[in-house]
Amino acid sequence: MKEKIDQVLDTVKEPETGLTMAQLGFVERVRYNEQKKKLTVFSCNLKPNHKYCCTVIQGLLISGTINSLTDAFQKAVPDLAVEVVRDTPAFTPPTHNLFT
């Protein structure tokens, strides 16, 4: 199983940089549940961009990357249910006063 996971992480590339998931460290951990026949992949917790346009673009790139990663894992282990979970950062309020 480890070899299949490593192979997927070494082949799926982020579209903007061309770097693999392994090179980017996009996946923090993988949980394999043999009894449930399930593979859960946890992506890294990316720092959100505070500019709206950048947040939208970042979200689209991450979404596309997660879809590619999910497809690759489903092809590598077709007998398992695959779920890629995006860890989302907790909300942190702005440190500056918005009403000055």
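There are 3 helices and 3 strands in this protein, and what you're looking at is a predicted model.

**The big picture**

- The protein has 100 residues, and buried ones make up 27% of them.
- Take the contacts between residues at least 6 apart in sequence: 55% of those join residues at least 24 apart.

**The nonpolar core**

- The largest nonpolar core holds 19 residues, and the members that touch the most others are Leu9, Phe26, Leu39, Val41, Leu69 and Phe73.
- Four elements are listed as giving two or more residues to this core: helix H1 (2-11), strand S2 (38-43), helix H3 (52-76) and strand S3 (81-86).
- H3 is the top contributor, with 5 residues.

**A closer look at Thr40**

- Thr40 sits in strand S2.
- With a relative accessible area of 9%, Thr40 counts as buried, because the cut-off for that is under 20%.
- Setting aside neighbours within four places in sequence, Thr40 is in contact with Arg29, Val30, Arg31, Glu83 and Val85.
- Two of those partners, Arg29 and Glu83, turn up again in the salt bridges below: Arg29 pairs with Glu28, and Glu83 pairs with Lys38.

**Salt bridges**

- The structure has 3 salt bridges.
- In one of them, the side chains of Asp6 and Lys2 meet at 2.8 Å, N to O. The two residues are 4 apart in helix H1, so about one helical turn separates them. Asp6 is partly exposed at 31% relative accessibility, while Lys2 is exposed at 57%.
- Another joins the side chains of Glu28 and Arg29, at 4.0 Å, N to O. Glu28 is partly exposed, with a relative accessible area of 46%, and Arg29 is partly exposed too, at 40%.
- Glu83 and Lys38 also form a salt bridge through their side chains, at 3.1 Å, N to O. Because Glu83 belongs to strand S3 and Lys38 to strand S2, this pair ties together parts that are 45 residues apart in sequence. Glu83 is partly exposed at 35% relative accessibility, and Lys38 is partly exposed at 29%.

Technical notes. Residues are numbered from 1 along each chain as its sequence is written. This is a predicted model: local features need pLDDT of at least 70, side-chain atom pairs count only at pLDDT 80 or more; totals for chains, interfaces and linings use all residues. Side-chain values use heavy atoms; hydrogens and water are left out. A nonpolar core is a set of buried Ala, Val, Leu, Ile, Met, Phe, Trp, Tyr and Cys residues joined through side-chain atoms within 4.5 Å. Buried means under 20% relative accessible area, exposed over 50%, partly exposed in between (1.4 Å probe, protein chains only). Contact means heavy atoms within 4.5 Å.
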